[in-house]
Amino acid sequence: MKLVPLNDRVVLKQLVAEAKTASGIVLPGQEKEKPQQAEVVAVGPGGVVDGKEVKMEVKEGDKVIYSQYAGSRVKFDEDEYIVVRQADILAIIED
């Protein structure tokens, strides 16, 4: 089984927060907010949404930054995903 989003929806898997600094210092017991970064797992077909043509700008495997309170969290096959509209994705992270 797999998740297949509809219309302009995108399925994201949240990236795990690093528990150490850039210099390699481990931060034990550090209470941190979850990062707003995720990897795109599945992309809907786009099409006409609310009377406007929506072209999907993201693709599977892209790393993105999404709006903090966007989407719906769903649990599927023991994993947790976030389903958002493409408009809730703020940026694509390029290496």
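Trainee: Why is aspartate 62 called buried?

Mentor: Its relative accessible area is 10%. A residue is buried under 20% relative accessible area, exposed over 50% and partly exposed in between, with a 1.4 Å probe and protein chains only. The value of 10% falls under 20%, so aspartate 62 counts as buried. Please note that this is a predicted model, in which local features need pLDDT of at least 70 and side-chain atom pairs count only at pLDDT 80 or more, while totals for chains, interfaces and linings use all residues. Residues are numbered from 1 along each chain as its sequence is written, and side-chain values use heavy atoms, with hydrogens and water left out.

Trainee: Where is aspartate 62 found, and what does it touch beyond four places in sequence?

Mentor: Aspartate 62 is in the loop between β4 (52-54) and β5 (63-66); strands here are DSSP runs of E with at least two residues, helices are runs of H or I with at least four, and both are numbered from the N terminus. Beyond four places in sequence, aspartate 62 touches Ala38, Glu39, Val40 and Ile92, where contact means heavy atoms within 4.5 Å.

Trainee: What makes the pair of aspartate 62 and lysine 59 a polar contact?

Mentor: A polar atom of the aspartate 62 side chain lies 3.0 Å from the backbone nitrogen of lysine 59. A polar contact is a pair of N or O atoms within 3.5 Å; within protein, one must be able to donate a hydrogen and the other to accept it, and residues adjacent in sequence count only if both atoms are side-chain atoms. The distance of 3.0 Å is within 3.5 Å, and the pair therefore meets the distance limit.

Trainee: Why does the contact between aspartate 8 and arginine 9 count, although they are adjacent?

Mentor: The contact joins the side chain of aspartate 8 to the side chain of arginine 9, at 3.5 Å. Aspartate 8 itself lies in the segment before β1 and is buried, at 6% relative accessibility.

Trainee: How do you know whether phenylalanine 76 and arginine 73 are buried or partly exposed?

Mentor: Both lie in strand β6: phenylalanine 76 and arginine 73. Phenylalanine 76 has 18% relative accessibility and therefore counts as buried. Arginine 73, at 46%, counts as partly exposed. Away from its sequence neighbours, phenylalanine 76 touches Met1, Lys2, Leu3 and Tyr81; arginine 73 contacts residues including Gln14, Tyr66 and Glu80.

Trainee: Why is isoleucine 93 called partly exposed?

Mentor: Isoleucine 93, in strand β8 (residues 89-93), has a relative accessible area of 31% and is therefore partly exposed.

Trainee: How many helices and strands does the protein have, and what share of its residues is buried?

Mentor: There are 0 helices and 8 strands. Of the 95 residues, 26% count as buried.
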